[in-house]
Amino acid sequence: MLTIDAITVRLGGRPIIEGASASIPQGARVGLIGRNGAGKSTLMKTLIGELEPDEGEISKPNRARLGYIAQEAPAGQATPEEVVLAADTERAALLEESETCTDPNRLGDVHERLLAIDAYSAPARAAKILSGLGFDEEMQKRPLDSFSGGWKMRVALGALLFSEPDVLLLDEPSNHLDLEATLWLENFLKSYPATLLVISHERDLLNKVVDHILHLQGGKLTLYSGGYDAFEKQRAERAAQLEAARASQEAQRKKLQDYVARNSARASTAKQAQSRAKMLAKMQPIAALADDPSLSFDFPSPGELRSPMINLDGAAVGYGDAPPVLKRLNLRIDADDRIALLGRNGNGKTTLARLLASQLAPAEGEINAPGKMKAGYFTQYQVEELASDETPLQLMTRAMEGKTPAAVRGQLGRFGFSGPRAEQKVEKLSGGERARLALAIITRDAPHLLILDEPTNHLDVDAREALIQALNDYSGAVILISHDRHMVELTADRLVLVDEGTAREYAGSMDDYIDFVLGRNQPKADKKAPAKKPAGNTAKSRAKARFVKSELSKVEKAMQKLQSEIKELDRAMYEPASADPSLSGMKMSDLLSRRAQKAEKLEAVEIEWLGLGEELEEIEGE
């Protein structure tokens, strides 16, 4: 059990976590949630020992390995595959020892342990994790320094997942992922075999993966059973109970105040009045559940514009003299459309968004749009590039040059920056507040089209719900790129898949697309009993059966050969004295790699063998 016992953590003298306690059962899958700036990351750093609590203590299971992603992304010339494999430090150490150990007894122990930890399959497992996170075979072999920061963080995540710690700690793991990789991660975490504690604002992940919610609010922790929907229900019930208790306490307080006021001056009742006054002084007020009045998104309504708003006719788009990223673009966007762009990172979603925002010109074909159409384009880069030493009021005043101070203040107020909040330095704002400010700036002239590229990064669950509501109230068109499935499902009514160098309408639903990404419910061959064939086809059937039997024989021989080769490789690793001399000089890492390749081939051959067997049964049953 992971126990947090009355801890207080102060940063810069200010308490971030204060007297917080919680007990996380072994094997529990916990979602850590709270408003932006509540202290979730501070708690995570305290759990791993990066910060020491000023008061209280944290008890961890004996000899438990805690896994957490470092703040700095990995770098250098190592490949993603090498970084992930190196994360299993025990395997790496054993492999190194196997190359230098001269003690036969110790060497036998090393080989036995390598077998116990399934070391031979490590390369295949690493490749599977990297593939799920979006790395194709070529990318897995490239040096880290050839990747952007976001992709490097994916490598760090892959290494952590591969190491399989006893307590897996994840802080917003989907922030650097696209929808497809987020779906894979969610599926992976569902079957994670140990304790999981994840900071997330993804409603779907919190409903499908976790079985407890740990809520951090006002420096305190409260553990709820169930997923996020269950938490919301329990929180609503708790809010109602608190409000009832607060109302009852307030009524009691007024009675006591009235009694003290009426009876303090009377000698006969002064003692009782004094006693009531002490009761009143000791009465601790019951606070209502905190609510953030600045949690606000309100997009200004644009003027009406005829459809189609934008029409792409055989357009192609790319960068400079390089070949186009996207071709054959034929897409119509109407004035009230809500479109979500689907497809893995690197397929061209952002390139298409920049074309629609007029940041890129078509290399071929045409893009037609009314001259008066205005587009607001949001990206994470805008959030990161906000001047930290300026205030929202200064930034908006410059963005709305020529507008009255009242108009500037009014636009800021739409997004929760009223009064003194408008005059705080950007460096003091949370990530969610900066995102709201960037949205306020890009919508200052009431655009007809909003193009939002991952707008939910750094927004907590409540802020995401507020953004969804604002988008549904907005009267213009929306183009959305998001890994937040909940947001896509509640805002988009058209899906466009960006894949294979173009963009096309996706006819299915989000559930269909999720099944497609995860390889579920794919179309299968029709297994209905075949219609009875005329007698004239008997000779053809016999010939076909002979061919299938011949192929079966070849496949069976291939299976036997691979099984034999795998046995020889096992012998070379664990009984080197009796192994084939041609293998005796090979390094343990090379033997493991070759065994994994043979095992993968054997699996493919076995699948082929089963398919041929079914085909032969069908032919002989005709």
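The model is predicted: local features need pLDDT of at least 70, side-chain atom pairs count only at pLDDT 80 or more, and totals for chains, interfaces and linings use all residues. Residues are numbered from 1 along each chain as its sequence is written, and side-chain values use heavy atoms, leaving out hydrogens and water.

**Helix pair H14 and H16**

- Helix H14 spans residues 392–399 and helix H16 spans residues 431–442. Helices are DSSP runs (H or I, at least four residues), numbered from the N terminus.
- Their axes come within 10 Å and cross at roughly 20°. Axes are lines fitted to C-alpha atoms over the stretch in contact, with angles from 0 to 180 degrees between N-to-C directions.
- That makes H14 roughly parallel to H16 (an angle under 35 degrees).
- H14 contributes Pro 392, Leu 395, Met 396 and Ala 399 to the contact (heavy atoms within 4.5 Å), and H16 contributes Leu 437, Ala 440 and Ile 441.
- These contact residues divide into seven nonpolar, no polar and no charged. Ala, Val, Leu, Ile, Met, Phe, Trp, Tyr, Cys and Pro count as nonpolar, Asp, Glu, Lys and Arg as charged, and the others, Gly among them, as polar.

**The second largest pocket**

- On a 1 Å grid over the protein atoms alone, a pocket is an open set of points where a 1.4 Å probe fits, with protein on both sides within 12 Å along at least five of seven lines.
- The second largest pocket holds about 490 Å³ of space, the volume filled by probe spheres set on the points.
- Its lining has 23 residues (an atom within 4 Å of a point), and Glu 81, Pro 123, Ala 127, Gln 140 and Lys 141 lie nearest the centre.
- H21 gives the most to this lining, with seven residues.
- The lining divides into eight nonpolar, six polar and nine charged residues.

Key: Helix = DSSP H or I, 4+ residues; strand = E, 2+ residues; numbered from the N terminus. Parallel < 35°, antiparallel > 145°, perpendicular 65-115°, else oblique.
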